[in-house]
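Here are my notes on the model you sent over. Have the structure open while you go through them.

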Amino acid sequence: MILFKTINELKKYITAKRLSGISVGFVPTMGALHSGHLSLLRASKTTTELTICSIFVNPAQFNDPSDYQQYPVTIEQDIRLLESENCDVLFLPSVPEIYPADFQKKQYKLGALETSLEGEFRPGHFQGVCQVVDRLLSIVEPDWLFLGRKDYQQCMVITELIRQTGIHTRLQIVPTMREASGLAMSSRNLRLTAQDREKATAIYRSLQWIKTTIRPGTTLALSEAAEKILLEAGFDKVDYISIADAQSLEPIENWDGQLPIVALAAGFLSGVRLIDNISLTGE
Ligand code: AMP
């Protein structure tokens, strides 16, 4: 694996590689890598001929400064994991490399995707996500971008970003990797005690409960009951449990039994914010 810290060197390398006509896959991450991240890498390795992973904890997407400060950093272990997966390139830029003094912040038009769910509870988050993904895509210009379904709303936002920028990158959404307990793997799980990890399984359980219980008609009582499951399991606070249109993420209060829908949840356990989602109409 080759490690680049500067945009110039990375671009020079990609340009030279592209001369032989190879396809490029890109896996952006914030590090503290786990098996979920590695499943994206594997998807890239099977789909493309050159896999580039980036590790960059993007300050622009943290609305809470203490969340940014506490974000886990495990770079040496990350490098070992990437090497064991035969990742070809690691891009590890500094903050000034990505956001130089003359960086021009753009404003992205994301409509309701930006203000609902995560957007409501983390104002500015998706502008920050678009900022960094737009920047990284313009540097790497990958044929394929790999994102995890775990961050479902992010996948919808980036689909919209790709459409708006017109960049020739295709998006592959990779299924959520879970612990045997059902808990979605997340870098933030590192901040949970073993006991909290047990309690955290309630988030997946509540979503599964919605999936097995939902019928055409009103959905409001389901979200409320699922929220109760989380609070009874020991969650301190539930930001939302929403049953929503799988594309626009608009809340569905009366389901016709046909429309593709997802259930999404976010809540705090011992001060750690966890999110998860499942499809209610697909696998
Ligand atoms: P992060 O480092 O949290 O920014 O995540 C980097 C990428 O890994 C994003 O596309 C995430 O959606 C994806 N990811 C994180 N956790 C998982 C998981 N448990 N399963 C699949 N993909 C994941």
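The points below cover the ligand site and then one serine elsewhere in the notes.

1. First, a reminder that this is a predicted model. Everything below should be read with that in mind.

2. Let's start with the ligand's surroundings. There are 16 residues around the ligand, and the ones that come nearest are Met30, Gly148, Asp151, Met177 and Met185. Sorted by class, that shell has eight nonpolar, six polar and two charged residues.

3. Asp151 uses an N or O atom of its side chain, 2.6 Å from an oxygen atom of the ligand. With Met30 it's the backbone instead: one of its N or O atoms there sits 2.9 Å from a ligand oxygen. Met185 also brings in a polar backbone atom, this time 2.8 Å from a nitrogen atom of the ligand.

4. How much of the ligand does the protein bury? On its own the ligand exposes 490 Å², and 92% of that is buried by the protein. The space the ligand takes up is the largest cavity.

5. Which elements give two or more residues to the shell? They are β2 (24-29), α2 (35-47) and β5 (144-148). Of these, α2 gives the most, with three residues.

6. Last, Ser279. This residue is in strand β11, which covers residues 272-279. Ser279 counts as buried because its relative accessibility is 10%, and the cut-off for buried is under 20%. Its side chain reaches the backbone nitrogen of Gly282 at 2.7 Å.

How values were computed:
Residues numbered from 1 in each chain as written. Predicted model: local features only at pLDDT ≥ 70, side-chain atom pairs only at ≥ 80, totals over all residues. Heavy atoms only, no water. Near = heavy atom within 4 Å. Polar contact = N/O pair within 3.5 Å; in protein donor to acceptor, adjacent residues only side chain to side chain. Areas by Shrake-Rupley, 256 points an atom, 1.4 Å probe, with all protein chains shown as cover. 1 Å grid on protein atoms, 1.4 Å probe; cavity = no way out; pocket = protein on both sides within 12 Å on 5 of 7 lines; lining within 4 Å. Sits in = over half its atoms within 2 Å of the grid points. Helix = DSSP H or I, 4+ residues; strand = E, 2+ residues; numbered from the N terminus. Nonpolar A, V, L, I, M, F, W, Y, C, P; charged D, E, K, R; others polar. Buried < 20%, exposed > 50% of the residue type's maximum accessible area, 1.4 Å probe, protein only.
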